[in-house]
Amino acid sequence: MFKKSNIETKSILNNEICENLTENIFLGFRFGMSPEEVNEHIKHLINQNRIYIIEDKYVYDFYTSLGEKLQTVILLEYYEYKLYQLNLIFPLGIMSLESMYNEVKGIYDIKYDKEEFSIKKYQMIGKESTMYEKGDLQIRLTQVLHVQITYENVKIAMEIARKESDKIINSFDSTINDI
């Protein structure tokens, strides 16, 4: 079992997290992919037995250094019909939240330090979180209700936040004018 987990961890360090990280993200997904391109890529990954479907969710088997298999759910977010965010949601109950976070963090720290990412630690609701940044790619590893990894195109996320903020301000201004 230890041998397999070693192989899987090396796989994550070398293959699953793609080399050109500002264009390619986990499992070869790319920011800017259309839903059709994502669906074709998912079919390809399923045919390669790298992901599978459980209850209408895409699942990836993430192996820890101790050989634990974590059925990790992949969630994809689009903006203007282009992929801008990929989330990995780790299951609860197999390992403690802190143990799982430390396991994943260890793997990601090694990979992204080699790739010369900026690595920052911060607190989120009293729990340690880690952010990896390079170019337009931001990867957040959090542990609030579950362990989650978020790959996000920062430029697009900022544009979405700006539009949401403008929408709130316009709604508030409308209310002020109505009073």
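These are my notebook entries on what I looked up in this predicted model.

**Ground rules**

I number residues from 1 along each chain as its sequence is written, and my side-chain values use heavy atoms, with hydrogens and water left out. As the model is predicted, local features need pLDDT of at least 70 and side-chain atom pairs count only at pLDDT 80 or more, while totals for chains, interfaces and linings use all residues.

**Entry 1: overall layout**

I started with the elements and got four helices and eight strands in the protein chain. Helices (H or I, at least four residues) and strands (E, at least two) are DSSP runs, numbered from the N terminus. Read from the N terminus, the order is α-α-β-β-β-β-α-β-β-β-β-α.

Of the 179 residues in the protein chain, 44% are buried; buried means under 20% relative accessible area, exposed over 50%, and partly exposed in between (1.4 Å probe, protein chains only). The accessible surface comes to about 10400 Å², with 52% of it belonging to carbon and sulfur atoms. Those areas come from the Shrake-Rupley method with a 1.4 Å probe, and for residues only the protein chains shown count as cover. For contacts (heavy atoms within 4.5 Å), I took those with a separation of 6 or more: residues 24 or more positions apart account for 46% of them.

Two strands count as paired if DSSP finds at least two bridges between them. A reminder to myself: strands of a sheet pair through backbone hydrogen bonds, either parallel or antiparallel.

I then checked strand 4 (residues 82–89) against strand 8 (residues 147–153), and they pair in the antiparallel sense over five bridges. Leu86 stands opposite Tyr151 in strand 8.

**Entry 2: helices on the sheet**

Is Thr142 buried or exposed? I get buried, because its relative accessible area is 11%. Thr142 sits in strand 7 (residues 137–143). Not counting residues up to four places away in sequence, Thr142 touches Tyr101, Tyr122, Met124, Ser129, Val147 and Gln148.

Val144 lies in the loop between strand 7 and strand 8 and counts as partly exposed at 28% relative accessibility. Leaving aside neighbours within four places in sequence, Val144 is in contact with Leu97, Met124 and Ile125.

**Entry 3: salt bridges**

A search of the whole structure gave me nine salt bridges, each a side-chain nitrogen of Lys or Arg within 4 Å of a carboxyl oxygen of Asp or Glu. I picked out a few.

- Lys69 and Asp61 meet at 4.0 Å, N to O; Lys69 is partly exposed at 36%, whereas Asp61 is buried at 16%.
- Lys163 and Glu80 have their closest N and O atoms 3.6 Å apart. This pair links distant parts of the chain, with Lys163 in helix 4 and Glu80 in the loop between strand 3 and strand 4, 83 residues apart. Glu80 is exposed at 53%, and Lys163 is partly exposed at 36%. Glu80, Glu159 and Lys163 are linked in a network of salt bridges.
- Asp109 and Lys105 meet at 2.5 Å, N to O. They are four residues apart in helix 3, so about one helical turn separates them. Lys105 is buried, with a relative accessible area of 10%.

**Entry 4: a nonpolar patch**

Which residues form a nonpolar patch on the surface? I found Phe172, Ile176 and Ile179, with about 370 Å² of accessible area together. Patches are made of residues with over 30% relative accessible area and no salt bridge, where like charges are joined within 9 Å and nonpolar side chains (Val, Leu, Ile, Met, Phe, Trp, Tyr) within 5 Å. Ile179 lies in the segment after helix 4 (154–178) and is exposed, at 82% relative accessible area.
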